[in-house]
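Reader: Could you take me through one part of this model closely, the interface of chain B and chain A? I would like to hear what the contacts there are made of.

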Number of protein chains: 2
Amino acid sequence: MSKVLIIGAGGVGRVVTHKCAQAKNVFSAITLASRTRSKCDAIAAEIPDFPIKTAQVDADNVPELVTLIKQEQPQLVLNVALPYQDLTIMDACLETGVDYLDTANYEPLETAKFEYSWQWAYHDRFREKGLMALLGSGFDPGVTNVYTALAARKYLDEIHEIDIIDANAGSHGQPFATNFNPEINIREVTAPCRHWENGDWVETAPLSTRRSFDFPEGIGPMNIYRMYHEEMESLVKHIPTIKKAQFWMTFSDNYLKHLEVLQNVGMTRIDEVEFQGQKIVPLQFLKAVLPDPGSLGPLTKGRTCIGVIARGIKDGKRKQVYIYNICDHEACFKEVNSQAISYTTGVPAAVGAMMMLTGKWRGEGVFNMEQFDPEPFLETLAPMGLPTVVIDGGEWPEL
Amino acid sequence: MSKVLIIGAGGVGRVVTHKCAQAKNVFSAITLASRTRSKCDAIAAEIPDFPIKTAQVDADNVPELVTLIKQEQPQLVLNVALPYQDLTIMDACLETGVDYLDTANYEPLETAKFEYSWQWAYHDRFREKGLMALLGSGFDPGVTNVYTALAARKYLDEIHEIDIIDANAGSHGQPFATNFNPEINIREVTAPCRHWENGDWVETAPLSTRRSFDFPEGIGPMNIYRMYHEEMESLVKHIPTIKKAQFWMTFSDNYLKHLEVLQNVGMTRIDEVEFQGQKIVPLQFLKAVLPDPGSLGPLTKGRTCIGVIARGIKDGKRKQVYIYNICDHEACFKEVNSQAISYTTGVPAAVGAMMMLTGKWRGEGVFNMEQFDPEPFLETLAPMGLPTVVIDGGEWPEL
């Protein structure tokens with residue numbers, strides 16, 4: 001029975017806390033900490049049947065984190081704060097001798113990089129202390145890495161190509177709103193696209209490659225746009241037979257129109273402008289007028305469909321396998337007061353923690369999800385709320 | 001020979017100053033004042049052959065204005081500042097006994113009204129002091145009022161309907177920018193549409209009525225949208241035979257797309273929102289990130305075409321007359337360092353001043369342009385840069 005410290009009380013923090021509290025066979029105590037303690041208290045109040053301690057912490061401040069960890073003595077720190085804060089939390093784990101898990105790779109504030117280099121550089125230090133860090137235990141990255149590992153180990157003899165496809169077929173009914181922090185969302189979407197091809201990254205303009213993909217289970221055709229996403233970096237490193245890797249995401253014409261205009265007028269700028277004697281970052285002011293993503297939970301209907309099409313060789317023949325999950329926004333909100341975007345990230349974080357705490361996944365150093373056995377993870381993920389569908393040997397168009 | 005005080009050093013202020021300085025037979029001295037004196041100095045430096053004095057003044061502050069007027073002793077104050085400042089400047093003129101001219105009606109900050117009521121209420125005070133105030137001496141309002149008066153007096157026995165049509169067939173090549181103060185532009189465009197029909201105002205949704213109009217002189221067909229514009233209020237009051245009055249403006253699909261998105265996300269709101277402990281009006285912040293309209297001058301190509309189609313009865317038969325001006329952006333910039341949007345407003349302001357100072361237009365009280373003889377005004381307007389075209393008796397579609 002394990003004690004954990006969860007850092008971050010946004011939409012994902014809410015889901016992780018709910019799901020850990022549901023898994024009473026693994027978790028015996030939870031401390032939930034964030035910059036704003038009242039947000040932690042609000043989440044704790046939603047879960048009266050589990051003792052949740054709350055705390056205030058500045059996740060940019062290593063000494064503050066160290067003090068909190070020493071006081072709470074968790075076996076594992078689950079980091080669901082901002083990606084800018086991964087390294088300070090890893091430093092505090094090293095100093096206090098505690099395992100670490102996160103859902104998104106470290107991102108420096110001043111430039112949109114989405115690279116694992118900074119965190120992989122911690123491998124030796126975690127190994128020397130006998131500690132484990134599990135990186136990217138959300139859905140994408142996270143479950144998509146596990147799906148790829150499953151295809152490579154179980155359904156194919158050799159995996160050659162992957163297409164990771166992330167569809168939000170839901171709608172919040174607002175003219176424009178981002179499903180999570182608009183600042184992170186817009187950084188990601190407006191970054192140049194990269195995909196992996198024959199041993200190298202190929203860069204193309206942001207959102208310049210579009211396909212139509214016919215999603216399963218009645219979702220039907222939607223436009224998908226190729227973009228860079230961080231799990232490709234670790235997958236092509238750890239599964240070197242992958243010759244081509246692409247990541248695709250659905251965006252509605254309406255979303256793209258709004259994004260284009262906001263870029264055109266300068267409202268997505270992250271530098272400061274002078275206004276009435278004050279320095280203001282336009283993107284931060286935009287965030288102040290846009291709907292709070294948290295307010296969309298009760299409004300969002302429809303489903304997400306996130307998965308991997310893996311293509312390769314089985315018994316000497318070319319074969320494709322499509323592995324995906326479908327998640328319903330309204331069902332998520334009913335269960336944990338968050339829509340499916342937060343739910344599909346928070347549940348795999350809880351399951352990743354369960355793998356580490358039960359010893360099913362174990363190692364010393366810094367690891368990505370595909371480096372472990374996918375089957376125990378997926379066997380736990382389904383009853384925790386995210387069942388896996390495998391279509392073994394179908395035909396999908398080349399993307 | 002007359003001395004004038006010009007208040008406002010934006011695009012229109014630049015044009016008025018240039019044009020008054022060209023009319024050396026009327027103007028002997030110019031003082032140019034604005035909140036930012038360096039903007040006045042920059043304009044003065046463009047006109048080395050005319051003595052222009054510059055000054056700093058806060059046009060919201062009546063005592064400051066009074067001090068400046070007493071010191072400069074002008075015969076006329078030309079107000080080309082913001083429409084929010086019309087009443088303070090009129091108050092200062094009353095106190096100092098000086099005539100007044102402006103190009104746009106007073107607008108209270110907190111609501112988009114575009115009504116003459118506040119300024120017409122000054123009529124008795126100006127009359128009692130033997131002073132004259134000329135309202136709306138720009139292009140529209142201004143020249144469009146004069147064109148309507150000309151149609152009513154010279155080309156028709158009775159004027160029944162007018163369509164005022166304002167086309168900017170030019171392009172600045174920017175993804176999005178307004179041709180004048182974006183705050184005023186967007187307030188005007190997003191306000192409900194009103195038109196005059198059978199003795200009453202009919203309100204419709206903003207930009208909900210679209211037509212295609214085939215503009216003359218090779219400009220060709222463009223989409224025009226019906227909107228409210230202030231000259232209709234004075235025209236239907238002073239020319240009561242007008243049964244129907246509509247105002248139309250061209251907008252590109254691109255402009256409308258940007259406007260729609262900015263409205264959707266709340267960036268065109270004119271109420272205050274809380275941001276980092278400050279109260280900020282989103283539309284004013286948007287103005288701070290949009291290109292300064294002044295910067296578009298050297299980039300803008302193409303022409304404007306602004307005019308009036310007047311329909312009525314002549315010699316017992318139905319007849320139409322179309323009176324318009326065509327103005328070239330690049331030619332304007334070459335002459336006075338401003339594109340045609342500022343030029344078409346600033347030149348009529350200078351000509352209105354000339355009418356008042358030479359006694360061709362004279363009255364005691366507050367007046368609109370259509371209350372005076374249109375012919376001397378148009379005879380001066382053409383050599384000052386805005387020639388008039390009259391198509392007497394053509395056929396245009398009902399709009």
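Author: Happy to! Please keep in mind that this is a predicted model. Let's start with the charged contacts: the rule finds two salt bridges across the interface of chain B and chain A. One of them joins B:K257 to A:E260, and the closest N and O atoms of this pair are 2.8 Å apart.

Now for where the chain B side comes from. The elements giving two or more residues to the side that touches chain A are two helices, α10 (253-264) and α11 (282-289), and two strands, β13 (273-275) and β14 (278-280), of chain B. By type, the residues on that side of chain B are 15 nonpolar, six polar and two charged.

Next, the extent of the interface. In terms of contacts, 23 residues of chain B meet 24 residues of chain A. The area buried between the two chains is about 2200 Å², and carbon and sulfur atoms give 70% of it. On the chain B side, the residues that lose the most area to chain A are B:V265, B:F275 and B:F285, together 27% of what that side buries.

Finally, a word on confidence. The predictor gives the complex an ipTM of 0.72 and a pTM of 0.77. For chain A, the average pLDDT is 94, and 98% of the residues score at least 70.

Definitions and conventions: Residues are numbered from 1 along each chain as its sequence is written. Chains are lettered from A and ligands numbered from 1 in the order in which they are written. This is a predicted model: local features need pLDDT of at least 70, side-chain atom pairs count only at pLDDT 80 or more; totals for chains, interfaces and linings use all residues. Side-chain values use heavy atoms; hydrogens and water are left out. Contact means heavy atoms within 4.5 Å. Buried area is the accessible area (1.4 Å probe) that two parts lose on being put together, summed over both. A salt bridge is a side-chain nitrogen of Lys or Arg within 4 Å of a carboxyl oxygen of Asp or Glu. Helices (H or I, at least four residues) and strands (E, at least two) are DSSP runs, numbered from the N terminus. Ala, Val, Leu, Ile, Met, Phe, Trp, Tyr, Cys and Pro count as nonpolar, Asp, Glu, Lys and Arg as charged, and the others, Gly among them, as polar. pLDDT is the predictor's confidence in each residue, from 0 to 100.
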